[in-house]
Every structure is written in C-alpha cells, then in structure tokens.
Amino acid sequence: MRRKKSFGIPSKYLLVILTIFCVMMLFVSYVTGFSGGPLQAVSNYVFVPMQRGLDYVGSLISVSNEDAKSRKELLDENETLKQQVEDLTVQLNNTRLQQSELDTLRELYQLDQAYSAYETTGARVIAKGTSNWFDTFTINKGTADGITKDMNVIAEGGLVGIVTSASKHYAVVRSIIDDTARVSGMTNTTWDRCIVSGSLASMTQDQTISFSDLEDTSDSVSVGDAIVTSNISDKYQPGILIGYVTTIEMDSNNLTKSGTITPAVDFKHLQDVLVITKVKEISDGNENH
Amino acid sequence: MEMKTISRRILTIFLLICLCFVLQTALFSRFELAGVTPNLLLILVASFGFMRGRREGMIVGLFCGLVVDMYMGTYVGLYALFYLYLGFFNGLFRKIFYGDDFKLPLILIGVSDLIYGLMQFCYLFLMNQEADFGFYFWNVMIPEAVYTVLIAIFLYYLILKVNQWLEKTEKRSSGRFVR
C-alpha cells in the first residue's frame, strides 16, 4: 500500500476547489487581459533557452528539402528560375519607369509617400504552439528586442500574423490561417474591402483561407488578384500582401462576394520571419479587426 | 525525511513537465505526421493519473495546463482546466492499473486525447460557430490520438521507470523512518 499524501482533502473536494480556482483565473484573465504576468518569467528563463537549443539541434538533424533534390530537378528548377528572372527584370524596368514618373507627379502634387517601407526586425521561429487546433508559434525575440503586442509579422513579402503576447525574450504569434484570426483586407486594384478569415479546414484541404463581404461594385475583381491588408484595419498596417484570390463567387444576397485566397506565405515551412516594429495606432476604438 | 521525498518527487515531475513541453513545442513540431504533433503533456498527465491516482493526476494536470496557458498567452486557466479533468479522469482507473501491462495505459492515453480534442472543439466552437466537427474529428483529433499513442509507447515506458524509481526511493526512506 502506498502512503497517503500529507494533506487529507478527499480528491472530489480537491477537484471542485481546483475547478473553481481555474474558472476564477479564466474570469480574471478574461476581464483584465492578464496573461501570466510574473509567471511568464518561468517560461522566459526555463523553456525558451531550451527550446532555442533544441530547435538548433532539430534544424541540424531534419533533412531539408533542398538537400534531397536530385541534380536534374535542380537543373530544371534553375531553368524555370532563369526564365522567371528574365520576366521579372522586364517587369521591374517597366515598374521603375512608372515609379519615376509617379515620383515626379507626386512631387508636383506634393503628396507624401503613401506606404513608406516599414521598419522590420528579423526573428526566428523557435517553437510551435502546443495545440494542433490553433495556429500559433513562438519567435525568439521579445520585449527586450523591442517587440510588443499587436505588431505585424511578415515573411516572404506576405502577411504571416500578429503578435498576441510578448514576453521578455520571446513572443507568441497568431498566424492569419488560425481559425480565430480575422483580417480586414482589400483588393489592391479597386480598394474594395473584405474580411479575410483563417480556417484550418480549408487550409488543410486546399491550402486556402476564405474571404467574405467583398463589395465588388464595379465587378472587376477576378481570380489571381492580390488581396492586401486594408487601410481601415485597426491592428494591421495597410498594404501588406495577404494572398491571391483563387475562387470568387457572388453571395446569395447579390450584394457581396466571397471566396478563397491562397496565402502568399508558405505556412508549412516558416523559419525566419520579419516583425514590423511599428504598432498601428488608432485613436478611436474600432471594432473591426 | 518526509519533506525530502516529497521535494524529490516534485522536482522530478517538474523536470518531466519541462522535458515534455520543450520536446512537444520545439522538436516534434519539426516531425509532423499528417499535420499534427503528438501531445506529450497529455501522456504525462494521463500516466500520473492512472499510476498515482486522482489527486496526483489532478495536480500534475493543473501545472501542465498552467504551463501551456502561460505560454500560449490567451486565457490563463483554460488548459489548466482541461488537463485537470484529464488527470482526474485517468485517476479513476488506478485500481485496475498494473505496471507491466501496456494495453490499458495506451488505451487510456488514446481516449484521453480524444476527450482533450472534444474539449478543444467546444472552446473553438465558442470562438467560431462555423467550425465543422467532422473535419476536426478526422483531420485533427484522430491523427493526434494515433500519433500520441505511438509516442506514448516510448514515453510511457520512461515515465513508468521514473515513477518506479521514485516509489522505490520513497519506500526505502519511509522504511528507514519507521525503523
């Protein structure tokens, strides 16, 4: 027979007491937005250093896709990439011409540049969230490196997500494909706004997320159009690429359209991300996010 | 002597929680199967539940949950509640648990993971009413349960050995105490 523990509360009562404790914690954190506070120091000094080390070891042993490619595949890829470079160079030249024209016109009109390049800082993804249900991950920079809550995270030129909590040496990022994520977006051609909502279901099935409430009055949005973050979003900086429209159809109300978007970022192989070190400031509390 | 054995147990469990948590988030996230990672913390909570009873299961569950809560940074107490109940649930089976039999532990861990999935779905459904249960059942819950049980074969053995070592040292020191 094993000895009883020194405290003699029957387990039924202990269960009730602990349940009440948890529910109270939940209530407090829901009301006050408290998320660990001093307790997070434990993760700062215990877990994060270990995760960093293990992540480094993991990156050494896991065979990367690049190493496994055969010579022929590489040659083929090289060929297509060269072709792409040529195409892009032509495009770039055109854009440069247009840009200089735009600059002169802007100077004439004395307009400020609408979208200045955002200042970013690089960070490495060191761990995934503990749950398979929510798409969150941890980066190796925190408040000590100037990261705060609500900063936008980008990678490969596309939007990845938003910092939901920042601790001293790490920060948790919720990606836009998470089921609970909502981003206010717009098309970059007509500036029609829509709501982009993440979905694990459609992300697993065909690598897309959905958008809805697109008021396409001029009926000009089509498959392949880029969706960027909108200027009215209260948390996301405007003009960051979210993805490209893959399907679009009219809603039953005949007013708005909805469909799916292929995100610009490869969420399966996220390693290094950029954090925009500027938080969008909105004076008025805007409900939409 | 009493203090020493208890603190040894607490320290060991703390190290096990650290190990499982770090492995789950940093290492196994690189070895996803069918898009899921195994839930090592759940294996730990369930094992302590049926090896040591309701009380210890609950306490280990509570602390595992708090670690997850702190780390995820949403609502503190949510996962603590999930794991607390899983620890209690597994503690109910302590009477029919024998150390050398692997069938019951693995079945319990699998069932616990499915229950954990159901709890997560309830939470998700509160956040997003459009969540489709069928999809989550086949694409998240089942793969996670299978993968977790696979990993549990190895991890459970480790936890079992650690627990046996703890119990042996506890018995020895308590024997000395009586004498």
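**Notes on the model**

1. Helix α4(B) has 14 residues and reaches 20 Å from its first C-alpha to its last, which is close to the 20 Å expected at 1.5 Å a residue; the expected span is 1.5 Å times one less than the number of residues. Helices (H or I, at least four residues) and strands (E, at least two) are DSSP runs numbered from the N terminus. α4(B) is mostly covered, with 14 of its 14 residues buried, where buried is taken as 20 or more other C-beta atoms within 10 Å of a residue's own, exposed as 12 or fewer, and partly exposed as in between, with C-beta atoms placed from the backbone.

2. As to provenance, the model is predicted, and local features need pLDDT of at least 70, side-chain atom pairs count only at pLDDT 80 or more, and totals for chains, interfaces and linings use all residues. Residues are numbered from 1 along each chain as its sequence is written, while chains are lettered from A and ligands numbered from 1 in the order in which they are written.

3. The contact between the chains takes 45 residues from chain A and 44 residues from chain B, two residues being in contact if their C-beta atoms, placed from the backbone, lie within 7 Å. On the side of chain A that touches chain B, the elements giving two or more residues are α1 (11-32), α2 (40-61), β1 (120-128), β4 (158-166) and α5 (200-206), and α1(A) gives the most, with 11 residues. By class, this side of chain A has 20 nonpolar, 20 polar and five charged residues; Ala, Val, Leu, Ile, Met, Phe, Trp, Tyr, Cys and Pro count as nonpolar, Asp, Glu, Lys and Arg as charged, and the others, Gly among them, as polar.

4. The axes of α1(A) and α4(B) (residues 78-91) come within 8 Å and cross at roughly 165°, where axes are lines fitted to C-alpha atoms, for helices over the stretch in contact, and angles run from 0 to 180 degrees between N-to-C directions. That makes α1(A) roughly antiparallel to α4(B), the term used for angles over 145 degrees. Among the residues that meet are Leu15(A), Leu18(A) and Cys22(A) in α1(A), and Leu81(B), Leu84(B) and Phe88(B) in α4(B). By class, the contact of α1(A) with α4(B) has 10 nonpolar, three polar and no charged residues.

5. Within chain B, the axes of helix α2 (residues 40-52) and helix α3 (residues 54-72) come within 7 Å and cross at roughly 165°, so α2(B) is roughly antiparallel to α3(B). The contact is made by residues including Leu44(B), Phe48(B) and Arg52(B) of α2(B), and Glu56(B), Val60(B) and Cys64(B) of α3(B). By class, the contact of α2(B) with α3(B) has seven nonpolar, three polar and two charged residues.

6. Two backbone angles deserve a look. Gln207(A), in the loop between α5 and β8 (209-214) of chain A, has a positive phi of about 55° although it is not a glycine, and with 16 C-beta neighbours inside 10 Å it counts as partly exposed. Asn254(A) has a positive phi of about 60° and is likewise not a glycine; Asn254(A) lies in the loop between β10 (241-250) and β11 (257-263) of chain A and, with 7 C-beta neighbours inside 10 Å, counts as exposed.

Terms used. Parallel < 35°, antiparallel > 145°, perpendicular 65-115°, else oblique.
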